[in-house]
Amino acid sequence: MNRRTLARRAQAGFTLIELMIVVAIIGILAAIAIPQYQTYVAKSQVQRAVSESGSIKTAVEACLLDGKTAVGAATTATNCDPQATGSNILTGASQTGATLPANTGVPFVTLSATAASTIVATFGNSAANALKVANSTITWSRATDGTWTCIAGTGVDAKYVTSACPKAAAAT
């Protein structure tokens with residue numbers, strides 16, 4: 001073998017240091033990307049809970065306009081069925097006796113003709129771990145004048161909420 005052939009063979013691949021640099025770069029990128037992705041997932045689940053619980057407002061309004069102030073199966077004239085469907089990021093049993101799919105829950109609805117009515121969605125089941133802490137809720141409140149407000153519970157970190165459903169003010 002001549003010198004030129006040996007030189008070509010020696011240059012045919014990556015050195016160990018080049019491979020280690022590539023692995024280090026991938027590790028650094030993963031260390032940044034994984035927490036950002038987890039934040040994105042939690043934020044999207046908060047927005048999903050706001051949307052899912054907010055969709056019940058129409059049924060609650062219809063019930064209150066019809067004078068129905070008890071939540072339950074619509075078998076009596078005074079019972080209201082809020083039309084909630086199971087969500088895999090919420091916990092809570094059906095108030096109407098409906099059978100929910102496994103590992104799903106629905107928001108809890110409280111109705112009143114003379115006081116505030118509420119829709120409370122509690123995180124659980126397949127929700128992001130950051131949302132599965134005490135008091136992680138989304139609460140829609142209807143004032144007696146018919147206006148709705150949304151508040152994220154104290155267990156929901158401020159970085160996951162938007163101005164449409166802000167975090168509850170801290171108690172002083």
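This is a predicted model: local features need pLDDT of at least 70, side-chain atom pairs count only at pLDDT 80 or more; totals for chains, interfaces and linings use all residues.
The secondary structure of the protein consists of three helices and seven strands. Along the sequence these elements follow the pattern α-α-α-β-β-β-β-β-β-β. The radius of gyration is 26 Å, whereas a compact globule of 172 residues would have a value near 16 Å. Taken along the principal axes, the C-alpha atoms fill a box of roughly 100 × 40 × 25 Å. Of the 172 residues, 30% count as buried. Among contacts between residues at least 6 apart in sequence, 44% join residues at least 24 apart.

Helix α2 covers residues 16-54 and has 39 residues. At 1.5 Å a residue, helix α2 should span 57 Å, and the distance of 56 Å between its end C-alpha atoms agrees with this. The buried residues of α2 are Ala-42, Gln-45, Val-46, Ala-49, Val-50, Ser-53 and Gly-54. These buried residues pack against helix α3 (57-65) and against strands β3 (90-91), β5 (117-123), β6 and β7 (148-152).

Helix α2 also contains the one aromatic pair of the structure. The pair is formed by Tyr-37 and Tyr-40 and is tilted, with 6.3 Å from centre to centre and 35 degrees between the planes. The two tyrosines are three residues apart in the helix, about one turn. An α-helix has 3.6 residues a turn, so residues three or four places apart point the same way.

A search of the whole structure finds two salt bridges. Side chains of opposite charge can pair when their charged atoms come close. In one of the bridges, the side chains of Arg-48 and Glu-52 meet at 2.8 Å, N to O. Arg-48 and Glu-52 are four residues apart in helix α2 and are therefore separated by about one helical turn. Arg-48 counts as partly exposed, at 33% relative accessibility. Glu-52 is likewise partly exposed, with a relative accessible area of 26%.

The other bridge joins the side chains of Glu-61 and Arg-142, at 2.7 Å, N to O. This pair links distant parts of the chain, with Glu-61 in helix α3 and Arg-142 in strand β6, 81 residues apart. Both Glu-61 and Arg-142 are buried.

A further side-chain arrangement involves Lys-57 and Trp-140. The charged end of Lys-57 sits over the ring of Trp-140, 4.0 Å from the ring centre.

Strand β6 spans residues 137-142 and includes Thr-137. Thr-137 counts as buried because its relative accessibility is 15%, below the cut-off of 20%. Apart from neighbours within four places in sequence, Thr-137 is in contact with Val-120, Ala-121, Thr-122 and Phe-123, and also with Ile-151, Ala-152, Gly-153 and Val-156.

Note on methods. Residues are numbered from 1 along each chain as its sequence is written. Side-chain values use heavy atoms; hydrogens and water are left out. Buried means under 20% relative accessible area, exposed over 50%, partly exposed in between (1.4 Å probe, protein chains only). Contact means heavy atoms within 4.5 Å. The expected span of a helix is 1.5 Å times one less than its number of residues. A salt bridge is a side-chain nitrogen of Lys or Arg within 4 Å of a carboxyl oxygen of Asp or Glu. Rings of Phe, Tyr and Trp (its six-membered ring) pair if their centres lie within 6.5 Å; planes under 30 degrees apart count as stacked, over 60 as edge-to-face and the rest as tilted. A charge sits over a ring if NZ of Lys or CZ of Arg is within 6 Å of the ring centre and within 35 degrees of the ring normal. The radius of gyration is taken over C-alpha atoms; the globule rule is 2.2 Å times the number of residues to the power 0.38.
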